[in-house]
Amino acid sequence: MTDPFASTDASISFADSLSFADVEPGDDQRWSTWPAITPSERGPEPWPGWVVTSAGALDTELGVLKTGKEADVFLIERAVPDDPAQRTLLAAKRYRSPEHRSFHRSGMYTEGRKVTDSRAGRAIANKTAFGREVAAAEWSFAEFEALTRMWELGAPVPYPVQVNGTEVLMEFIGTDAAAAPRLAQVREGRETLADYFAQIVEIMHIFAGAGFAHGDLSPYNLLVHEGRVRVIDLPQIVDIIANPQGLDLLHRDCVNVCDWFARHRVECNAEELFAELMAASYM
């Protein structure tokens with residue numbers, strides 16, 4: 001999986017954003033989509049204080065954070081003109097339609113999931129125009145729902161601000177406009193890395209305790225920000241029991257994580273971790 005937050009392109013500061021002298025949206029702007037979406041498409045309450053909910057806010061596209069095989073991520077500033085107190089940076093992950101993706105997620109991630117709308121399910125299966133439209137938004141809603149669930153459980157994931165069609169707006173993890181590095185990019189000593197490993201094990205326990213596995217966990221979708229590990233890229237989250245591949249994917253997560261840390265001289269055992277998470281999932 002690609003990391004949607006790692007960036008070399010979006011080194012933009014607040015000072016570089018538009019002055020909003022003219023409140024009409026410019027070429028790289030739109031009115032905030034927050035007022036137009038239904039309550040179920042907004043993040044869990046209570047909303048963090050930095051979330052801008054004003055109908056008078058403008059979304060300004062500041063640059064590309066990451067291009068991927070199935071989605072691109074953009075840096076967005078949501079701000080109320082002339083009100084510095086109502087200004088925040090967001091990551092906008094926009095999924096492409098199936099025919100424009102160069103990567104198609106394996107069906108093993110969706111086994112055990114149910115499409116509650118029978119019409120939508122038939123349309124997707126028959127690959128109609130409506131079905132393609134539904135499929136284009138399928139992963140954005142899956143990611144939003146997974147982020148919401150894990151946030152409510154206390155997992156260190158980006159706060160999901162909203163979902164609208166094929167776009168998920170979420171908390172931007174970084175300082176100013178510099179995205180937090182992926183774990184794979186971090187160069188730290190063994191003691192610090194051992195602390196990161198302990199944090200990741202705790203994250204995996206939260207997932208497993210709720211009956212889930214990340215499904216594609218690796219150093220490329222774990223961010224390190226201010227000494228804390230944050231997990232991203234959750235649309236493929238799998239139900240360990242309902243998905244026939246669930247235990248295999250959980251085991252793969254353990255192997256991926258432990259292999260990386262073992263190469264960096266941090267003591268860990270993938271099989272022991274897998275056994276711990278199995279026990280946690282049945283508690």
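**Group meeting: a cavity, some cysteines and a buried strand**

Hi everyone, let's start inside: α3 (190-209), β9 (212-213) and α4 (246-263) each supply at least two residues of the lining of the largest cavity. Helices here are DSSP runs of H or I with at least four residues, strands are E runs of at least two, and both are numbered from the N terminus.

Before I go on, this is a predicted model, where local features need pLDDT of at least 70 and side-chain atom pairs count only at pLDDT 80 or more, while totals for chains, interfaces and linings use all residues. Residues are numbered from 1 along each chain as its sequence is written, and side-chain values use heavy atoms, with hydrogens and water left out.

Back to the cavity. By that I mean a set of points, on a 1 Å grid over the protein atoms alone, where a 1.4 Å probe fits but cannot get out; lining residues have an atom within 4 Å of a point. Searching the whole structure gives one cavity of 30 Å³ or more. The volume of the largest cavity is about 70 Å³, counted as the space filled by probe spheres set on the points, which are joined across faces, edges and corners. α3 gives the largest share of the lining, three residues. Among the lining residues are I203, M204, F207, H214 and D253. By type, the lining divides into eight nonpolar, one polar and one charged. Nonpolar covers Ala, Val, Leu, Ile, Met, Phe, Trp, Tyr, Cys and Pro; charged is Asp, Glu, Lys and Arg; the others, Gly among them, are polar.

C254 is buried, at a relative accessible area of 0%. The sulfur of C268 lies 3.9 Å from its closest cysteine sulfur, in C258, so the two are too far apart for a bond. C268 is partly exposed at 23%. The cut-offs are under 20% relative accessible area for buried, over 50% for exposed and partly exposed in between, with a 1.4 Å probe and protein chains only.

Last stop, strand β6 (residues 167-171): five of its five residues are buried. Strands pair if DSSP finds at least two bridges between them. On one side of the pairing list, β4 (residues 87-95) runs antiparallel to β6 with five bridges, and L90 stands opposite E171. β5 (residues 160-164) also pairs with β6 in the antiparallel sense, over four bridges, with Q162 partnering L169. β5 and β6 make a hairpin with two residues between them, and G165 in the turn has a positive phi of about 65 degrees. Thanks, everyone!

Notes. On a 1 Å grid over the protein atoms alone, a cavity is a set of points where a 1.4 Å probe fits but cannot get out, and a pocket is an open set with protein on both sides within 12 Å along at least five of seven lines; lining residues have an atom within 4 Å of a point. A disulfide is a pair of cysteine sulfur atoms within 2.5 Å.
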